[in-house]
Amino acid sequence: MEQFKLIYIFATVLQYGSMNAAAPHLGMTASAISQAIRKLENHYGVKLLNRTTRSLTPTAEGQQLQQYARQLTDWHDAVEREMGILQTEPEGEVRISLPTGYSAVEPMKRTVQTLRHRYPKIRLILNENNRLVDLQNDTDIAIRVVLHPDDPDSIARPLAQWQTLICASPDYLREHPIAQPQDLLNANWLNHNSNVLLHSFKCLGLPETLPENRTDCPDSSLVAREYACAGMGLAVLLSGDVSPLIENGQLSVVLPEHKLPTRTLYAATAHRTQSAKVRTVLDCLMRCFGEGKRLMPIVFTPQVNPWAV
């Protein structure tokens with residue numbers, strides 16, 4: 001590896017015609033360059049440069065080495081150019097892992113629409129799953145919802161803070177009114193995450209036992225939300241997920257005077273420094289979810305259940 005560096009120095013000297021001229025481009029002094037050339041000559045056992053007070057030219061052996069040195073510098077310049085493009089031009093695929101059903105939430109729709117309009121060279125790959133993700137290899141950005149992060153493996157940027165809500169359709173509530181927390185024990189439930197449901201019961205002072213009258217749809221808040229809209233029971237959902245449905249009257253908040261925990265939505269990456277395409281997507285996510293400017297990035301691993309309590 002050291003020989004590559006010495007050959008690169010040799011090629012740069014020939015490119016600029018003198019050691020003094022090459023020094024600023026190499027970030028070295030002329031004397032350090034001279035020592036590097038001597039080391040290269042000692043390694044090959046030949047003289048590579050003819051030096052006079054006015055000129056510097058390659059010897060016959062130096063001309064042979066120069067041919068290979070040009071290939072090395074061309075390769076180096078190409079790598080620098082391509083890697084520079086990755087840091088400056090938002091272009092290429094960006095893989096986002098997000099909880100099941102979250103591709104359909106309004107802020108995510110706005111993110112996709114904004115990127116399509118402003119950055120058509122970025123292509124999003126939205127992978128909905130609630131499993132562990134590999135931010136080093138399989139995913140560029142992981143969107144997850146938790147009460148609070150607790151592992152120092154990754155960098156998480158808070159996107160929004162969403163209130164936990166118990167929701168049902170107005171039709172269901174007319175037939176099965178809920179006046180106090182105890183009424184929840186006999187209600188029909190649409191259970192997409194048992195930990196979330198039991199934690200909600202705990203916050204309301206209820207027994208931490210799963211209700212008998214429930215339909216389980218593990219890891220699918222989307223199914224729970226749709227069935228709740230259809231009048232089939234209660235579901236524990238997040239405000240950012242259901243706010244349009246509450247506004248248009250498809251869902252109502254049950255016992256709104258009893259506040260359940262606020263959860264934070266995070267966009268996590270493996271590293272703080274990102275390519276231009278990933279930085280662009282992160283910035284767009286933070287704008288579209290609306291809370292990013294008020295929340296500071298923190299250290300966090302997204303490799304958890306997105307609704308883990």
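Colleague: Among contacts in the protein between residues at least 6 apart in sequence, what percentage join residues at least 24 apart?

Modeller: This is a predicted model, where local features need pLDDT of at least 70 and side-chain atom pairs pLDDT 80 or more, while totals for chains, interfaces and linings use all residues. Residues are numbered from 1 along each chain as its sequence is written, and side-chain values use heavy atoms, without hydrogens and water. With contact meaning heavy atoms within 4.5 Å, the share joining residues at least 24 apart is 78%.

Colleague: Good start! What share of the 309 residues is buried?

Modeller: Buried means under 20% relative accessible area, with a 1.4 Å probe and protein chains only. In this protein of 309 residues, the buried share is 45%.

Colleague: How many cavities of 30 Å³ or more turn up in the whole structure?

Modeller: A cavity is a set of points on a 1 Å grid where a 1.4 Å probe fits but cannot get out. Searching the whole structure for those of 30 Å³ or more gives a count of 2.

Colleague: Which element gives the largest share of the lining of the second largest cavity?

Modeller: That cavity holds about 40 Å³ of space, and its lining residues, with an atom within 4 Å of a point, include Trp189, His192 and Val236. Helix 7 (194–203) and strand 7 (189–191) each supply at least two lining residues; helices are DSSP runs of H or I with at least four residues, strands runs of E with at least two. The largest share, 3 residues, comes from strand 7.

Colleague: And how many nonpolar residues does that lining have?

Modeller: Leu190, Val196 and Leu197 are among the lining residues. By class, the lining has no charged residues, 3 polar ones, and a nonpolar count of 5.

Note on methods:
On a 1 Å grid over the protein atoms alone, a cavity is a set of points where a 1.4 Å probe fits but cannot get out, and a pocket is an open set with protein on both sides within 12 Å along at least five of seven lines; lining residues have an atom within 4 Å of a point. Grid points are joined across faces, edges and corners, and a volume is the space filled by probe spheres set on the points. Ala, Val, Leu, Ile, Met, Phe, Trp, Tyr, Cys and Pro count as nonpolar, Asp, Glu, Lys and Arg as charged, and the others, Gly among them, as polar. Buried means under 20% relative accessible area, exposed over 50%, partly exposed in between (1.4 Å probe, protein chains only).
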